[in-house]
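Dear colleague,

Please find the structure below, followed by a short account of what was found in it.

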Amino acid sequence: MRTLLVLALATTALAQTPRPGVNYDESKVGNHPLPDLKLTTVEEWTNKRRPEILKLFEVHVFGKTPTSIGTPKFEVTATKTDALGGLATRKFIHISLPDRPAWPGMDVMLYTPNATKAAPCFVGLSFGGNHAVSKETDVPLNTRWMRDNKEKNIVNHRATEASRGTESSRWPLEMILKRGFAVATAYYGDIEPDHADGWKEGLRAAVSKDGANTVWKDGEWGAIGAWSWGLSRIVDYLETDQLIDSKHLAVIGHSRLGKTSLWAGAQDKRFGFVISNNSGEGGAALMRRDFGETTAIITKAFPHWFTPKYASYANNAAACPIDMHMLIALAAPRPIYIASAVEDQWADPKGEFLSGKFADPVYALFGKKGVVADEHPAIDTPVGDFIGYHVRTGKHDVTDFDWTQYMNFASRHWVK
């Protein structure tokens with residue numbers, strides 16, 4: 001039976017800055033049936049249907065990650081055992097591909113709590129670089145291309161000394177470390193700079209036969225695929241570090257990096273917990289809902305994020321053989337958390353909730369409860385068992401409230 005998109009769910013709507021051609025009227029979201037998950041048994045899902053859905057996302061949305069890129073090399077370039085006033089050990093790890101020297105590599109920053117022998121770890125990419133995540137002044141300033149941002153003191157596409165700590169509110173390191181978790185992060189632009197031609201200087205060109213002259217075809221990977229690949233290479237290193245409990249790794253991402261964390265979690269089951277923070281269109285939000293950002297808008301603004309085929313569904317989402325409840329379902333039976341913000345109507349909070357809700361039947365196959373709630377929950381009221389969800393007060397961001405829910409969720413499931 002096909003799942004109908006329409007559900008009489010309560011939601012709180014706030015005024016949104018009007019954008020030409022963008023719908024914020026719930027009565028106009030459309031009434032398109034969702035693709036059927038085609039569930040039968042756990043064995044059928046695991047061995048047949050899940051691989052089919054993963055393949056559909058490769059062909060139609062993110063592209064397929066190449067399997068013959070090469071073996072990564074890890075070099076610990078610095079270790080500080082009294083970081084953050086003695087709270088943590090901090091390491092920098094350079095990850096490179098010796099067989100692909102055209103790629104400059106990526107620099108991972110790892111904080112592990114000194115009070116914990118082997119810590120579970122949150123793994124995620126940052127928008128501003130390691131120096132923006134940490135307030136410690138001895139963190140090297142990233143020298144790669146960045147989007148100009150006056151508020152974050154990025155000038156002429158480069159970070160400045162004034163850029164230090166500008167993302168620290170999104171990465172409350174002390175709070176996380178005091179709860180016994182480690183944090184591993186890297187700048188997403190180390191993997192591929194985030195602009196239309198950024199791939200020419202990044203990983204995708206370095207590993208492609210035609211380099212910067214590559215013409216990307218349907219089903220070949222976009223930037224989100226490359227960034228996801230980078231997250232898995234961080235896991236490769238973490239599995240070698242005795243300070244990390246590599247059986248308990250969570251992948252986390254915000255906005256476009258929330259889309260990335262969902263795709264990384266779908267491909268790499270070593271991530272035992274998947275987190276989508278305000279990922280919106282192309283992430284947790286149902287693409288068949290015409291609300292806020294749409295497939296047409298995102299593929300016009302950021303075509304390099306996806307495989308070229310995805311743009312063919314602009315203004316025709318109903319023709320796509322997948323929708324994002326299926327992306328959520330690919331995490332099953334692992335815990336997954338979807339977070340929205342009430343002022344972030346652009347990302348369609350209700351659509352994000354519904355993706356989780358419509359993924360519930362897959363978790364039920366495994367005898368696990370999903371979102372549980374039948375209605376969009378009240379603001380700042382987390383719901384769910386193996387599929388967590390909240391819509392919090394505020395705007396498009398990552399806050400201490402979000403992190404508190406993620407750590408509570410991880411602690412509950414990992415203790416089990």
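Strand S10 (residues 336-341) and S11 pair in the parallel sense, over 6 bridges; strands here are DSSP runs of E with at least two residues, helices are runs of H or I with at least four, both numbered from the N terminus, and two strands pair if DSSP finds at least two bridges between them. Within this pairing, Ser340 has Val391 in S11 as its bridge partner.

This is a predicted model, in which local features need pLDDT of at least 70 and side-chain atom pairs count only at pLDDT 80 or more, while totals for chains, interfaces and linings use all residues. Residues are numbered from 1 along each chain as its sequence is written, and side-chain values use heavy atoms, with hydrogens and water left out.

The open sheet comprises 9 strands in the order S1-S2-S3-S7-S4-S8-S9-S10-S11, with mixed pairing. Its edge strands, each pairing on one side only, are S1 (73-82) and S11 (387-392). From one strand to the next, the twist averages 20°.

Helix H8 (residues 256-267) packs on the sheet and touches S4, S8, S9 (273-277) and S10; contact means heavy atoms within 4.5 Å. The direction of H8 makes about 140° with that of S8, where axes are lines fitted to C-alpha atoms, for helices over the stretch in contact, and angles run from 0 to 180 degrees between N-to-C directions. Helix H11 (residues 349-365) lies across S10 and S11, at about 165° to S11.

Yours sincerely
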